[in-house]
Structures are given as C-alpha cells and as structure tokens.
Amino acid sequence: EGNLIITYEEAGDQANTCSITQTKVAGNAVSAGTAEVQTITITGAPAVGDAYTLTLADGTEVESGALTAGTVADLAAKLNTAAGDGVTITDNSNTLVITYSAPGAVDGLADIQQTAKEGTPLGKVEATVTGACEATTPGVDPAVTEASDSTPTAYDTITNFDAAADKILLPTDMATATDGAYAIDGDTVTINSGVATFASASTASAQIAALLTAMDTKGNVAAFTDGTDTYVAYSDGIAGATDADIVIKLAGVDNAATAIDAVQADG
C-alpha cells in the first residue's frame with residue numbers, strides 16, 4: 001500500500017473542503033549489538049484526533065490510535081501501550097525515547113508517520129495536494145483523500161509525490177492510452193506505454209491540449225514530462241481539453257513512466 005492515496009472521481013463529483021498533508025519524521029539508526037535506545041524528536045504540537053504509526057528498528061509497526069490529549073506525552077503513552085513486550089516508549093521534552101529490552105537484537109532506523117492530517121504538518125511533508133480535498137478521519141493508514149476537480153486549466157499540484165509508494169486512483173474506466181503517433185494541428189503526439197512525447201509542443205499547456213486531443217476515448221490515461229515535472233491526463237472521451245478531463249501535476253517527478261505505474265483504477 002502507498003503512503004498516500006489520492007482519488008479523482010468524474011468531474012463535478014469532487015469535494016472542496018481542505019488541503020491534506022502527510023508527515024514522516026525519522027529517528028536515529030541503531031546497529032545490532034551497539035545500542036538499545038533510539039530517539040525521535042517531534043517538531044510541532046500533535047492535535048487531538050491525530051493518529052500515528054511508529055515503525056521500530058526491526059520493522060514492527062505500532063499504531064497510536066487517535067490522540068485524546070494532543071501532546072507528545074499522550075502520543076508516547078499510547079504507543080507504549082500498543083507496543084507490548086520488548087520495547088518501552090516514553091516522552092522526554094517532546095522527544096520519543098524508544099528503549100529495546102534486548103540490546104543487540106535490533107538493527108535499523110525508526111521513524112514515525114502521521115497517518116492522516118489536515119492543516120500544518122509536524123515534520124517533513126511527504127506529499128501535499130494543493131487543490132481542495134476531503135480528508136478521511138484521522139487514523140486511516142495510508143492517508144486517503146478525495147481530491148478536488150483537477151481540470152486542464154486548473155489542475156492540482158502534488159509535491160513530494162513518491163511514485164514508488166504513493167498512488168493516484170482515477171475513475172474505474174481508466175485505461176492506458178493506445179500506443180501510436182497522432183497528428184494534431186501540425187504536431188505529432190507519440191504515446192508509448194502511456195508515456196507521451198511531442199514533436200512541437202514546448203509548453204505544458206500546449207502539451208496538455210495536444211495530448212487530450214490525441215486521446216479521444218473516454219478513460220484513456222497518459223503522462224508526459226515537462227522539465228522536472230510530470231503531468232497525468234485522463235480523457236473524458238471528447239477530443240480536446242474540457243473541464244470534464246482530469247489533469248494532475250506531479251511536481252518534481254521527472255519520469256512519466258513511474259508516474260503511470262502509480263496510477264490505478266478506483267475499484
């Protein structure tokens with residue numbers, strides 16, 4: 001399962017209520033036989049209702065459940081209760097202290113990840129959807145959100161998207177666009193395994209328009225790279241860019257093939 005799952009429905013069906021972020025904060029690594037304590041400093045204040053997953057050095061995941069006090073001490077207490085035998089988790093001035101009862105048996109890096117969050121992130125932002133969205137109840141892992149309408153002229157931008165772990169869910173009729181070369185208004189759009197390239201179009205807006213003209217079958221999906229960013233496009237079946245199409249910008253993702261691999265049908 002991915003770290004973040006973003007669902008896009010048919011145009012006009014999207015909620016428009018919030019922006020969602022997901023955070024992940026890493027602690028120090030330990031090596032087998034050399035240490036028994038790890039620490040993770042929490043920057044910022046957790047809120048009531050927030051939930052976290054702590055991954056221990058051995059890969060074990062510990063779920064906090066929803067916080068009731070909204071403090072690091074509350075977080076530590078809930079994680080300690082859930083952790084069971086073999087590890088003790090305490091709070092020391094907003095730093096989680098993870099003590100393993102069998103030193104030498106652990107080897108790896110611990111990290112803590114907020115499983116769903118609305119508002120300001122506590123640490124490094126793993127992925128952010130800039131368009132409006134509707135977040136699920138805190139405690140869901142992975143974080144799942146329905147994003148806003150994301151049209152060719154007003155598309156969502158997702159930053160820090162991890163194409164190897166995060167997922168974008170498109171309407172159930174989605175299918176990778178058919179391979180071929182398409183002559184479009186003096187340009188040639190070539191699609192190969194869902195990756196589009198252009199003979200002439202040199203701007204993202206021109207490439208979006210050309211690609212959506214080439215894809216005139218409803219549900220067709222393709223992606224292209226413009227500079228250091230990738231754009232994913234879903235066709236409404238009408239040649240040309242319309243507000244019923246879906247376009248999503250993945251900022252900083254410079255490989256359209258990996259973006260296509262991260263796109264799945266919702267269902």
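Student: How many bridges join S6 to strand S7, and do the two run parallel or antiparallel?

Tutor: Please keep in mind that this is a predicted model. Strand S7, residues 95-100, is joined to S6 by five bridges, and the two strands run antiparallel. As one individual case, Ile89 has Ile98 in S7 as its bridge partner.

Student: What is the order of the strands in the open sheet of three strands?

Tutor: The order is S3-S7-S6, and the pairing is antiparallel. Strand S3 (37-41) and strand S6 (87-91) are the edge strands, since each of them pairs on one side only. From one strand to the next, the twist averages 20°.

Student: Which helix packs on the sheet, and which strands does it touch?

Tutor: Helix H1, residues 72-83, packs there and touches S6 and S7. The direction of H1 makes about 170° with that of S6.

Student: How many residues does the largest nonpolar core have, and which have the most contacts inside it?

Tutor: This core has 20 residues. Those with the most contacts inside it are Ile40, Leu54, Leu79, Ile89, Leu96, Ile98 and Ile112. At least two core residues are supplied by each of strand S4 (51-55), H1, S6, S7 and strand S8 (108-118). H1 gives the largest share, five residues.

Student: With which residues is Leu54 in contact, leaving aside its neighbours within four places in sequence?

Tutor: The contacts of Leu54 include Ile40, Leu79, Ile89, Ile98 and Ile112. Also among them are Thr60, Glu61, Val62 and Asp111.

Student: By what is a pair of aromatic rings described?

Tutor: Two values are used: the distance of the centres and the angle of the planes. The structure holds three aromatic pairs. In one of them, Tyr155 and Tyr231 lie 5.6 Å centre to centre with 85° between the planes, an edge-to-face arrangement.

Student: Why does this pair tie together parts that are 76 residues apart in sequence?

Tutor: It does so because Tyr155 lies in the loop between strand S11 (143-147) and strand S12 (156-159), whereas Tyr231 lies in strand S19, residues 229-234. Tyr155 is partly exposed, with a relative accessible area of 28%, while Tyr231 is buried, at 4%.

Student: Are the rings of Phe224 and Tyr231 stacked or edge-to-face?

Tutor: Their centres are 5.2 Å apart and their planes stand at 10°, so this pair is stacked. Phe224 and Tyr231 are both buried. Together with Tyr155 and Phe198, these two residues form one aromatic cluster.

Note on methods: Residues numbered from 1 in each chain as written. Predicted model: local features only at pLDDT ≥ 70, side-chain atom pairs only at ≥ 80, totals over all residues. Heavy atoms only, no water. Pairing = 2+ DSSP bridges. Helix = DSSP H or I, 4+ residues; strand = E, 2+ residues; numbered from the N terminus. Axes fitted to C-alpha atoms, helices over the stretch in contact; angles between N-to-C directions. Contact = heavy atoms within 4.5 Å. Core = buried A, V, L, I, M, F, W, Y, C linked by side-chain atoms within 4.5 Å. Buried < 20%, exposed > 50% of the residue type's maximum accessible area, 1.4 Å probe, protein only. Phe/Tyr/Trp six-rings, centres within 6.5 Å; stacked < 30°, edge-to-face > 60°.
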